[in-house]
Structure formats: C-alpha cells, structure tokens
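Visitor: Please pick a single part of this structure and take me through it closely. Then set that part against the rest of the chain.

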Amino acid sequence: MNTVVPMLDILRLRGGPQDLPADQGTLVFWMGASVFTGILVAAPIHGVATSLYLSVLDLVILYLFTMTLLGLRGMTGRWMQTYIGLVGTSALLGLVMAALLWAFPPDFAEEQASPPALIAYLALLVWLLLVFGHILQQALDLAGRMTGVAIALGFLILSSVLTQLALGLANG
C-alpha cells in the first residue's frame, strides 16, 4: 500500500514521482503490473506471446526515453522514481483500458469501435498524457505542465512508431 496510494495521487495529479519509494522491489512490482496490463489490453489483438514482447519493448523504450531526458537535464539521480511513476501510472491506466475494452469491445475484424467507446478511449489517452506530463514536469523541473504533456506526446509517438516497426519485424 505504501506504493499504491502515492500512485493513485499521481493519477489524480496531486502527487509526484518524488512521493514514491525508490527501491528495486517497487520497481519490479510496477514493471510486472505494467507487463500484465499490457498483455490484458493487447492479447485480444496480438495474442499473449506478441503482447508480452510488445509490453517488454514498451518498458525498454520508456526507460531509454526517461534516462535520455533526465540525462539531458543532468538529473539522472531521479531516474528510479520517475520511471516507477511512469510505469505504475501506465499499469493502472492499462487496467482502466482493459475494463473499457471489456465494456466497449471493438470489432477487430472491421477495425471499428462505437462512438461511446471512441470517446472513452480518447478520454483515457488525454488522461495518460496529462499524468505523464505531470510526472515529467516534476521530474525535470519544468516551468509548465503543458511542456511535460508535449514531451509525453513525443514519447507516445516515438513508442508507437518503434512498437509498430518491431511488430512488423516480428510478423514479417
């Protein structure tokens, strides 16, 4: 519980990564939770093995992105709490996404989703961007949250491109 409550505060934009424990156990817990939720979300589309591969790849991309940003600012000492914050909030929002996919199942064959589903998915994406922006703002000592959100958007684009490239290589 000493890691879940601060993570929920971060999701509500009230806490920051500095409020999280910086230890290996917390890191492993949230990485495992992130892989689990990644599989929950992606398995209906890609199967369990590919979903596991994509989840681990996403963790690696997020780690490299986090270390690069903190390194550019000379703040690498903040890596663990920052990374735990990003991974943990991603894991919790992954649970929300899994619930949304259950409540509003898309038609994967037709590549369509209902309008309420699209609104819910978009709202979750905006929430993720705000949370990641909030974490990055605090970790990087940025003046404004929107700068953090812009950086988070850059991460999501980079991650999506690299994940799609890796998926194409894995399937091709």
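Guide: Contact here means heavy atoms within 4.5 Å. By that cut-off, among contacts in the chain between residues at least 6 apart in sequence, 65% join residues at least 24 apart. The model is predicted, so local features need pLDDT of at least 70 and side-chain atom pairs count only at pLDDT 80 or more, while totals for chains, interfaces and linings use all residues. Residues are numbered from 1 along each chain as its sequence is written, and side-chain values use heavy atoms, with hydrogens and water left out.

The part I take is helix α2, residues 24–46. Helices (H or I, at least four residues) and strands (E, at least two) are DSSP runs, numbered from the N terminus. The chain has 6 helices and 0 strands, in the order α-α-α-α-α-α from the N terminus on. Its radius of gyration (taken over C-alpha atoms) is set against a globule rule of 2.2 Å times the number of residues to the power 0.38. The radius is 16 Å, close to the 16 Å that the rule gives for 172 residues, so the chain is as compact as a globular protein of that length. The C-alpha trace spans about 45 × 35 × 30 Å along its principal axes.

Most residues other than glycine have a negative phi. Leu 13 has a positive phi, near 60 degrees. Buried means under 20% relative accessible area, exposed over 50%, and partly exposed in between (1.4 Å probe, protein chains only). Leu 13 counts as partly exposed because its relative accessibility is 24%; Asp 19, at 42%, is also partly exposed. A polar atom of the Asp 19 side chain lies 2.8 Å from the backbone nitrogen of Gly 16. That is a polar contact, defined as a pair of N or O atoms within 3.5 Å; within protein, one must be able to donate a hydrogen and the other to accept it, and residues adjacent in sequence count only if both atoms are side-chain atoms.

At the start of α2 there is another such pair: a side-chain oxygen of Asp 23 comes to within 3.1 Å of the backbone nitrogen of Gly 25. Thr 26 is in the helix itself and counts as buried because its relative accessibility is 8%. Leaving out residues up to four places away in sequence, Thr 26 touches Thr 3, Pro 21 and Ile 84.

Other buried residues of α2 include Trp 30, Ala 33, Val 35, Gly 38 and Ala 42. The cover over the buried residues of this helix includes α1 (4–11), α3 (48–72) and α4 (79–103). Thr 37, also in α2, is buried at 5% relative accessible area. With neighbours within four places in sequence set aside, Thr 37 is in contact with Ser 90, Ala 91, Gly 94 and Leu 95. A polar atom of the Thr 37 side chain lies 3.5 Å from the backbone oxygen of Ala 91.

Further along, α2 has a kink of about 35 degrees at Leu 40, shortly before Pro 44. The bend at a residue is the angle between axes fitted to the seven residues ending there and the seven starting there. After α2 comes Gly 47, with a positive phi near 90 degrees.

Now the rest of the chain. Of its 172 residues, 42% count as buried. A nonpolar core is a set of buried Ala, Val, Leu, Ile, Met, Phe, Trp, Tyr and Cys residues joined through side-chain atoms within 4.5 Å. The largest one has 43 residues, and Trp 30 is among those with the most contacts inside it, along with Met 7, Leu 62, Ile 84, Phe 132 and Phe 155. The elements giving two or more residues to this core are α1, α2, α3, α4, α5 (115–140) and α6 (145–171). The largest share, 12 residues, comes from α5. Phe 132, apart from residues up to four places away in sequence, touches Leu 62, Leu 86, Thr 89, Ser 90, Ala 152 and Phe 155.
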